[in-house]
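Please look over the sequence and structure before reading on.

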Amino acid sequence: MDTAHCSEQIVERLRAASRIAILTGAGLSAESGIPTFRDAMSGLWSKYAPSQLATPQAFARDPALVSRWYDERRAAAALCEPNAGHAALARLQRWALSAGKEFTLITQNVDGLHQRAGSANVLELHGSLRVWRCLACGTEVKPPAAPFSSYPPICACGGRLRPGIVWFGEALPPDAITRAEAAAEACDFFASLGTSAVVYPAAGLISKALTGRAAVMEINPEPTDFSAAATWSLREKTGEMLPVLVELVERA
Ligand code: OAD
């Protein structure tokens, strides 16, 4: 089925939906210049070993290296701007809420670009680089715009600060995953956008939507394990496709 025909169907289903749930991944921010994790050439995990950087054990072993790596990613993300895909999702949320629909935006991204584009109540399944937490006293700290001056950064109490993201082997924020699962189960329209859908429990949200009564749209230049089961799997970039769809929804 061609993209134009799919778009008509998608717009129709979005308008008829009463509960919309959206899951985003690193591909959504790729057009803002933020590297993904698993793209063969540019993905972060093609250059770095997750076990050396993205686990509590890695931080315990080398807190300076790990905190510097995340702080550099934070500083780089702060210099990037939300792209047309982020902006379209913020518009979609405003449209949905003004039409009396439930709208849940769930992201695996830790860059804060959805919020900067105007999305509200974002469920950050993997936490955020914009909040750091003291390992000793638990205080949450909003880092300065500039990179920290030393690594690992130190809290006023003398404890080490760690990035407020979820590392491999750690639990997801309970409130975010509970609300995300409820939204995926109850929705009648679900979108999986810019994610390779290989990291669980986030990818499990797609299964939940597929086993419920939702129409499922995927947008990704590459196929995923869920492409065949999705109602529509569009080989497109989110920064190009989402503005077109949202414009059609708003106009219809
Ligand atoms: P991945 O890097 O695994 O996947 C990014 C996906 O985005 C790929 O399937 C690309 O094909 C797709 N993509 C690239 N450019 C795109 C574009 N312009 N428009 C749409 N799609 C595009 O990133 P995630 O699926 O987000 O977790 O990875 C999930 C988790 O794995 C991350 O949150 C991170 C990582 O390890 C933690 O750090 C806990």
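R213 counts as exposed, because its relative accessibility of 54% is over the 50% cut-off. This value, like the others here, comes from a predicted model. The side chains of R213 and D188 meet in a salt bridge, with N and O 4.0 Å apart.

- D188 counts as buried, at 12% relative accessibility.

**Salt bridges within helices**
- The count of salt bridges comes to nine.
- One of them joins the side chains of R179 and D175, at 3.1 Å from N to O.
- R179 and D175 are four residues apart in helix α9 (residues 174–186), which means that about one helical turn separates them.
- R179 is partly exposed, at 41% relative accessible area.
- R251 forms a salt bridge with E247, and their closest N and O atoms are 3.9 Å apart.
- This pair is also separated by about one helical turn, because R251 and E247 are four residues apart in helix α11 (residues 238–251).
- R251 is exposed at 61%, whereas E247 is partly exposed at 38%.

**The ligand**
- Of the 23 residues around the ligand, those that come nearest are F37, R38, T195, S196 and N220.
- The shell consists of eight nonpolar, 10 polar and five charged residues.
- Helix α2 (residues 26–30) gives the most to this shell, with three residues.
- A ligand oxygen is 2.7 Å from a side-chain N or O atom of R38.
- The protein covers 93% of the 800 Å² of accessible area that the ligand has on its own.

Terms used: Residues numbered from 1 in each chain as written. Predicted model: local features only at pLDDT ≥ 70, side-chain atom pairs only at ≥ 80, totals over all residues. Heavy atoms only, no water. Near = heavy atom within 4 Å. Polar contact = N/O pair within 3.5 Å; in protein donor to acceptor, adjacent residues only side chain to side chain. Areas by Shrake-Rupley, 256 points an atom, 1.4 Å probe, with all protein chains shown as cover. Helix = DSSP H or I, 4+ residues; strand = E, 2+ residues; numbered from the N terminus. Nonpolar A, V, L, I, M, F, W, Y, C, P; charged D, E, K, R; others polar. Buried < 20%, exposed > 50% of the residue type's maximum accessible area, 1.4 Å probe, protein only.
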